[in-house]
Amino acid sequence: MKKIILILLVLMITACGNEEVTVKNPDGKSLTYQYFSDLNLNNYTLKIKENKNVITIKKVKENIYYKTSNLIIIEKNGIRYTLDVVNKTYSATTITKSLNYTEGILPVNIDKLKNKSYKIGKEKINSFKYTYETYKNDKIKTTYYFENQKLKFIRKKTDTEDFLYEVLDFKEKVNDKTFEIPKDYTGMVY
């Protein structure tokens, strides 16, 4: 009997501590909107970490730079350059469809985000409790975790994947040389 009461007590405390509320008419009051409305989403450097893998995404207008530990992808002037960091080689292909490397990570449209309903609550990550806001876009659920007004984590969840990214850095400065192929890389033809 004591075990049953203890289990019920733990369940009640857990449920009460993680209450989620839907905000239907935010009018720009969400932490997510306030955070991203101050940033230029057409010119930025985003550095995130998923497990031990650090991902860097840079964007200036239509030019994109995407880097993981052993791969760099540069998209510019209608060409996608795929760089092999280990072998210092690269290949070039014509872009038939641009990839959205930040799909489910960054908001697609900041103006629509201003009035988009979302769910708010608190959740523990690495023994610290963060305030979160969850948005649903088609089949993607994106959750932004904040410590006060500072974005700390982003969770991208679909039917087939669930990634938690730690936000390491987000700034609006991109080096001019970012979109150049390093001179010590060799072009490969397939």
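Me: Two strands pair if DSSP finds at least two bridges between them, so what makes β11 and β12 a pair here?

Reply: The model is predicted, so local features need pLDDT of at least 70 and side-chain atom pairs count only at pLDDT 80 or more, while totals for chains, interfaces and linings use all residues. Residues are numbered from 1 along each chain as its sequence is written, and side-chain values use heavy atoms, with hydrogens and water left out. β11 and β12 have 5 bridges in the antiparallel sense, which meets the requirement of at least two, so they count as a pair. Strands are DSSP runs of E with at least two residues, helices are runs of H or I with at least four, and both are numbered from the N terminus. Ile-154 stands opposite Tyr-165 in β12, and the two strands form a hairpin with 4 residues between them.

Me: How do you know that β10 and β11 pair as well?

Reply: Strand β10 (residues 140-147) and strand β11 (residues 150-157) share 7 bridges, again in the antiparallel sense, and Phe-146 stands opposite Leu-151 in β11. This hairpin has 2 residues between its strands, and Asn-148 in the turn has a positive phi of about 60°.

Me: What makes the pair of Tyr-135 and Tyr-144 edge-to-face or stacked?

Reply: Their ring centres are 6.1 Å apart and their planes stand at 65°, so the pair is edge-to-face. Both tyrosines also belong to a cluster linked by ring pairs, together with Tyr-35, Phe-36, Tyr-44, Tyr-118, Phe-146 and Phe-170.

Me: How do you know whether Tyr-66 is buried or exposed?

Reply: Buried means under 20% relative accessible area, exposed over 50% and partly exposed in between (1.4 Å probe, protein chains only). Tyr-66 has 17%, so it is buried, and Tyr-101, at 14%, counts as buried too.

Me: Why is the contact between Lys-88 and Asp-184 called a salt bridge?

Reply: A salt bridge is a side-chain nitrogen of Lys or Arg within 4 Å of a carboxyl oxygen of Asp or Glu. The closest N and O atoms of Lys-88 and Asp-184 are 2.8 Å apart, so the contact qualifies. This bridge links distant parts of the chain, with Lys-88 in the loop between β6 (79-84) and β7 and Asp-184 in the loop between β12 (162-171) and β13 (186-187), 96 residues apart. Lys-88, at 37% relative accessible area, is partly exposed, and Asp-184, at 46%, is partly exposed as well.

Me: What makes the contact between Lys-156 and Glu-161 a salt bridge?

Reply: Here the closest N and O atoms are 3.2 Å apart, which lies within the 4 Å limit, so this contact also qualifies. Lys-156 is buried at 13% relative accessible area, whereas Glu-161, at 25%, counts as partly exposed.

Note on methods. Rings of Phe, Tyr and Trp (its six-membered ring) pair if their centres lie within 6.5 Å; planes under 30 degrees apart count as stacked, over 60 as edge-to-face and the rest as tilted.
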